[in-house]
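Trainee: I've got a new model open and want to go through it with you. Let's start with charges and work from there.

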Amino acid sequence: MLILAIESSCDETSVAIVRDGAVLSNAVSSQIKLHEEYGGVVPELATREHLKNFMPTAQEALRIAGVETGELDAIAATRGPGLPPALMIGLKAAQAMAFALGRPFMGINHHEAHLYSPWIVGDPLHADFENFEPNISLIVSGGHTMLVHVERELKHHILGGTIDDAAGECFDKTAKLLGLPYPGGPQMDRLAQEGDPGAYEFPRPLLNQQNDDFSFSGLKTSVRYFLEKNPDLMEDRKTVCDICASVQAAIVDVLVKKTLRAAKRLGVRCITASGGVTCNSALRRELKVACEKRGLKLRLCDPQLSTDNAAMIGVLAERKLIAGEPATDLDVEIKAGWALE
Ligand code: KG4
Ligand code: ZN
């Protein structure tokens, strides 16, 4: 099966070509630089960029894959959740292509695609569902933090999620307090490598509660109060690195401990993680250490598929078509607030 997939839910325009589980191409046009000066994604600007970048990105994906549109068997796109005007561009382009080619269209939930993205591995990238096993999956991005029990392929249920800020949002907002450029997560990660994670003690919200929920807004507030009380600390680079390392340690500690606790409680022997924050070096390291200690398998999403991409949309669409799920009507609208079910 040959699928063209589109992702445009936030600030990445991406088009991928997937054939029988193999990712033939995954073209991504990122807008990070554009939004940097505003300190966050500006929906109006994102929409214009998607419009501008869609055709070149689609052409690049087809060229790299060596595929003509007439060969395609199906078209897929992210239907939600995401920024409404951004989503509309990818969804409507996909529906128009499916209509013109007379092929089925699949509207995909962005989080469900993240959920299965750790099963896309290797170089060249390909789906590895032959080795699939039940898992506890941590989805950590700028917009979401979720723990999901994946009982079998395409069968999952949400265990818990953040009740306020997402983990990536906490990284970005605390980085902003420290005067670091947007997006702050990768900057904090980089500076934290030169810092001492034990230098300052920041709260580990909800860590001692026996549930699968997260809360990060209190942590961000405590960093703000701390910096207001100690403004001089920001003058010294070493201290800024120590603060980054200490905040990162608090976020990672909560994510890792709560994920492993859920796995233990449910008797699940495999952990997976996906979403932009999975690029964080401390999170990757601590999950590895914790899983090795307990003899659990760990599947970390490939860093190039951790941030938003169309390859994960195409791979999931293919699995759904193979499983016999019906195609999506060509006239459906976006679902901007589509929660993972
Ligand atoms: O999944 P993603 O590309 O977009 C959505 O939010 O859906 O995730 C972006 C988030 C941002 O908050 C960014 O700061 C964070 O992932 N991030 C990181 C790192 N790389 C990206 N956070 C911490 N450390 C990193 N290395
Ligand atoms: Zn995402």
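**Salt bridges, domains and buried spots**

Trainee: How many salt bridges does the structure hold?

Mentor: The pairs get counted by a distance rule: a side-chain nitrogen of Lys or Arg within 4 Å of a carboxyl oxygen of Asp or Glu. Applied here, that rule gives a structure holding 21 salt bridges.

Trainee: Before we go on, what should I keep in mind about the numbers?

Mentor: This is a predicted model, where local features need pLDDT of at least 70 and side-chain atom pairs count only at pLDDT 80 or more, while totals for chains, interfaces and linings use all residues; side-chain values use heavy atoms, with hydrogens and water left out. Residues are numbered from 1 along each chain as its sequence is written, and chains are lettered from A and ligands numbered from 1 in the order in which they are written.

Trainee: How many residues apart are E133 and K297, which link distant parts of the chain?

Mentor: Their closest N and O atoms are 2.9 Å apart, which makes the pair a salt bridge. E133 is in the loop between β7 and β8, whereas K297 is in strand β12 (residues 297-300). Helices (H or I, at least four residues) and strands (E, at least two) are DSSP runs, numbered from the N terminus.

Trainee: Why does the E194 and R237 pair tie together separate parts, and how far apart are they in sequence?

Mentor: The salt bridge between E194 and R237 has its closest N and O atoms 2.7 Å apart. E194 sits in the loop between α6 and α7 and R237 in helix α8, so the pair ties together parts whose separation in sequence is 43 residues.

Trainee: Is D165 buried or exposed?

Mentor: D165 belongs to a salt-bridge network with E169, K173 and K220, and meets the side chain of K173 at 3.5 Å, N to O. K173 is partly exposed at 32% relative accessibility; the cut-offs are under 20% relative accessible area for buried, over 50% for exposed, and partly exposed in between (1.4 Å probe, protein chains only). D165 has a relative accessible area of 8%, so D165 is buried.

Trainee: How much area is buried between domain 1 and domain 2?

Mentor: The assignment, automatic or from a database, gives domain 1 (2-125 + 308-322) and domain 2 (133-301). Contact means heavy atoms within 4.5 Å, and 19 residues of domain 1 touch 24 of domain 2 in that sense. Buried area is the accessible area (1.4 Å probe) that two parts lose on being put together, summed over both. Carbon and sulfur atoms give 66% of the buried area, which comes to about 1700 Å².

Trainee: Which residues form a salt bridge at 2.7 Å that involves R319?

Mentor: The rule finds one salt bridge across the interface of domain 1 and domain 2. For this pair, with closest N and O atoms 2.7 Å apart, the residues are R319 and E153.

Trainee: Which helix gives the most to the side of domain 1 that touches domain 2?

Mentor: At least two residues each come from α1 (32-36), α4 (110-116) and α11 (311-322). With five residues, the one giving the most is α4.

Trainee: How many residues of helix α6 are buried?

Mentor: The buried ones include M188 and L191, and what covers them includes α5 (167-177), α8 (237-266) and α9 (281-293). Helix α6 (residues 184-192) is largely enclosed by the rest of the structure, because its buried count is seven of nine.

Trainee: What is omega for the cis peptide bond from Y182 to P183?

Mentor: P183 lies in the loop between α5 and α6. Another cis bond joins D123 and P124, with omega about 5 degrees. For Y182 to P183, omega is near -10 degrees.

Trainee: And what is phi of L206?

Mentor: L206 is in the loop between α6 and α7 (217-229) and is buried, at 17% relative accessible area. Its phi is positive in a residue other than glycine, near 60 degrees.
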